[in-house]
Amino acid sequence: MDNFKGVDYFNTESLLTQEEIMIRDTVRIFVSKQVLPLIEEHYSKGKFPMHLIPQMAEIGLLGPNLPEEYGCAGLNNVAYGLMMQELERGDSGIRSFASVQGSLVMYPIFTFGSEEQKNKWLPLLSKGEKIGCFGLTEPNHGSNPGGMETKAVKVDGGYLLNGTKMWITNGSIADIAIVWGKLKGKVMGFIVEKEFKGFSAPEIRGKHSLRASITSELIFDDVFVPDENILPKTTGLKNPLMCLNQARYGIAWGVVGAMLTCYETALNYAKSRIQFEKPIAAFQMTQEKLVYFLTEITKSQLLNIQMGRMKDNGTLKFAQVSLAKRNNCEKALEIARMSREILGANGISNEYPIMRHSANLESVKTYEGTHEMHTLIVGEDITGYSAFL
Amino acid sequence: MKIAVCISHVPDTATKINIADNGKEIDPAGVTYIINPYDEFAVEEALTTKETLGDDSEVIAISVGNDKNKETIKKALAMGVDSGVLLKIESQLDSFGIAKALAEEIKAQGCDLVFMGKQSVDFDNQIVGQMTSAILDYSCISVVVDFKLDGQDITCEREIEGGKEVVAAQLPCIITAQKGLNEPRYASLKGIMSAKKKTIEEKSAVETESNTEVIGLKKPPAKNPGRILGTDSSAVHELVRLLREEAKVI
Ligand SMILES: Cc1cc2nc3c(=O)[nH]c(=O)nc-3n(C[C@H](O)[C@H](O)[C@H](O)COP(=O)(O)OP(=O)(O)OC[C@H]3O[C@@H](n4cnc5c(N)ncnc54)[C@H](O)[C@@H]3O)c2cc1C
């Protein structure tokens with residue numbers, strides 16, 4: 001097993017509680033023991049390691065920041081973030097699975113669901129006995145979900161749902177989908193169950209990124225959704241955006257895990273690779289890259305801890321989450337790409353995790369709001385002018 | 001039944017050790033401490049035993065040391081141990097001193113079944129379990145790789161040179177755990193959160209004395225630097241020649 005420590009140049013660990021450190025270390029060991037030994041193989045075959053789901057559930061990685069009454073761990077947000085960081089040190093696909101299950105499926109049921117829906121679904125989802133997905137993006141509507149075409153009409157005893165969702169993580173392995181569609185022009189959330197007639201979820205093939213994660217299309221062809229499966233407290237587009245805000249928070253933490261492993265790999269390689277009779281770490285241009293990585297990692301670590309403390313005390317604004325998601329994803333992708341350069345040809349090989357992280361981070365930079373959209377969200381927050389609506 | 005599990009707080013085996021100024025102890029600065037790996041097997045076995053019994057049995061973790069040991073006790077609590085006891089000592093004790101402190105507490109708690117690691121990876125004395133059992137007049141089965149409890153009867157498998165030995169005993173008994181006994185569980189996130197609410201009782205260890213005294217610690221002599229003979233297959237012949245003629249090992 002690897003003995004991963006993760007660089008911490010400014011001793012940010014001193015800002016954590018003992019429980020937070022223990023949670024980080026538990027997930028760290030889980031990733032070293034259970035994820036890393038098999039991830040390259042699953043990645044190259046384009047498969048999600050399904051057998052990890054019960055293990056993740058047993059440790060409590062599914063929806064851990066929800067309260068204990070639904071079988072969850074009731075973690076604070078810093079501990080939740082650290083868990084995401086450690087999972088993404090393994091692979092963005094594993095972190096995506098946990099993000100979707102927790103932030104995009106359990107969170108909306110917890111926040112917008114009825115007491116019956118919470119009692120029915122949350123314990124099953126936290127135990128990993130049921131898997132969920134979140135359908136917002138459509139073939140024609142990505143950055144602008146408000147334009148969605150998926151529609152529901154009221155019928156006797158329920159709703160008839162029609163439309164298509166695209167790029168949906170976990171789609172083909174999900175037992176339930178949280179689907180957003182317009183009812184009389186207003187965006188509402190529905191719990192669509194796998195067995196419902198007219199619902200299918202074919203997998204999207206041919207991805208060069210997030211290959212150890214399932215991504216699917218969701219097709220609704222006159223799907224009857226009973227009354228009890230509408231999320232009763234949903235009132236409009238801001239509800240799915242609230243979910244995304246939860247998930248973005250986790251992503252801002254997660255990508256630091258990818259940064260840490262790319263940095264460590266590049267640093268070790270640079271110290272041992274000899275060219276011109278010297279380790280390449282002795283060349284100034286290599287050092288500049290490594291110092292840049294370390295600087296960006298340090299900034300992200302500090303940003304995340306402060307962001308988490310603000311989320312815990314209820315002062316965090318969504319535009320601040322956008323800033324963190326935007327910055328950390330961009331820097332993580334840059335670090336992955338530049339680490340690949342330090343490894344030269346070896347950088348493209350699956351003997352090292354870098355190329356996989358680099359390819360994954362292309363998706364991570366795009367999903368849950370692209371880099372550009374987060375620029376515009378923060379831009380609007382500081383200028384008062386919306387450049388997109 | 002009350003089950004005790006004795007755990008020690010040891011430097012991570014991957015950590016770099018420095019000797020303190022007094023030349024007799026290790027310098028704790030910069031050292032990461034972990035729960036003794038063999039004690040993790042002991043904790044797991046104590047927890048599965050409690051779960052198999054399915055009654056109101058409880059598992060108590062006991063550690064001899066200082067405030068820092070609380071981290072390790074918390075780890076055991078997070079894995080599912082019910083409560084912890086920290087037996088505080090002023091200065092480092094030898095195995096006998098630790099065994100005396102443990103024995104006193106085990107007796108006070110009324111624990112008939114005790115698990116501990118077969119050895120602690122810091123000083124590797126491999127004797128605390130046996131000594132504790134002698135002081136308490138309990139049976140002791142050491143280096144156990146399989147444990148079964150049926151009423152008062154215990155059957156264990158022990159690792160011996162070239163095979164296995166099956167040993168039976170009766171409660172009260174001390175079991176020292178060997179790798180292979182089980183696969184220790186992860187502390188779950190819920191377990192870590194609920195550990196916060198469990199108690200760690202702190203008290204001074206009984207007045208005990210060590211029978212032996214550490215006179216000094218020394219690091220192993222520094223290794224001579226290696227020599228790289230080349231990076232392609234042509235170096236193989238040279239390597240074989242040197243192993244034969246210079247090192248004289250083949
Ligand atoms: C692997 C993967 C998994 C995903 N999982 C999910 C999921 O589980 N659920 C889900 O609902 N969605 C999911 N998505 C979809 C993801 O959220 C969208 O891809 C994302 O929101 C961008 O939408 P789009 O791809 O349609 O790009 P578009 O919106 O078409 O954008 C294309 C480009 O135009 C830019 N652009 C658009 N509008 C503006 C503007 N106003 N100003 C400046 N630039 C602009 C964008 O920034 C981008 O660079 C996933 C995507 C991927 C790749």
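Let me start at the ligand, where a nitrogen atom of the ligand sits 2.7 Å from an N or O atom in the side chain of A:Thr137. Before I go further, please keep in mind that this is a predicted model.

A polar side-chain atom of A:Thr169 is 2.8 Å from a nitrogen atom of the ligand. From the backbone, an N or O atom of A:Leu136 lies 3.0 Å from an oxygen atom of the ligand. How much of the ligand does the protein bury? On its own the ligand exposes 980 Å², and the protein buries 67% of that.

Which elements of chain A give two or more residues to the shell around the ligand? They are β3 (158-169), α9 (354-366) and α10 (371-383). The shell has 18 residues, and the ones that come nearest are A:Thr137, A:Ser143, A:Trp167, A:Thr370 and A:Glu372.

Now let's turn to the place where the two chains meet. Here 17 residues of chain B contact 24 residues of chain A. Together the two chains bury about 1600 Å², with 64% of that on carbon and sulfur atoms.

What about polar pairs across this interface? There are 4 residue pairs in polar contact between chain B and chain A, with both residues at pLDDT 80 or more. On the chain B side, α2 (69-79) and α5 (189-195) each supply at least two of the residues that touch chain A. The chain B residues on that side come out as 7 nonpolar, 2 polar and 8 charged.

With charged residues in view, here is a reminder: side chains of opposite charge can pair when their charged atoms come close. Between chain B and chain A the count is 3 salt bridges. In one of them, the side chains of A:Glu19 and B:Lys74 meet at 3.7 Å, N to O. Over all chains, the structure holds 38 salt bridges. Why does the A:Glu19 and B:Lys74 pair join two chains? A:Glu19 lies in helix α1 (residues 18-45) of chain A, while B:Lys74 lies in helix α2 of chain B, so the pair links one chain to the other.

One last stop, in chain B. The peptide bond between B:Leu171 and B:Pro172 is cis, with omega about -5 degrees. And where does B:Pro172 lie? You will find B:Pro172 in the loop between β9 (163-170) and β10 (173-177) of chain B.

Thanks, everyone!

Note on methods:
Residues are numbered from 1 along each chain as its sequence is written. Chains are lettered from A and ligands numbered from 1 in the order in which they are written. This is a predicted model: local features need pLDDT of at least 70, side-chain atom pairs count only at pLDDT 80 or more; totals for chains, interfaces and linings use all residues. Side-chain values use heavy atoms; hydrogens and water are left out. Contact means heavy atoms within 4.5 Å. Buried area is the accessible area (1.4 Å probe) that two parts lose on being put together, summed over both. A salt bridge is a side-chain nitrogen of Lys or Arg within 4 Å of a carboxyl oxygen of Asp or Glu. A polar contact is a pair of N or O atoms within 3.5 Å; within protein, one must be able to donate a hydrogen and the other to accept it, and residues adjacent in sequence count only if both atoms are side-chain atoms. Helices (H or I, at least four residues) and strands (E, at least two) are DSSP runs, numbered from the N terminus. Ala, Val, Leu, Ile, Met, Phe, Trp, Tyr, Cys and Pro count as nonpolar, Asp, Glu, Lys and Arg as charged, and the others, Gly among them, as polar. A residue is near a molecule or strand if one of its heavy atoms lies within 4 Å of it. Accessible areas come from the Shrake-Rupley method with a 1.4 Å probe; for residues, only the protein chains shown count as cover.
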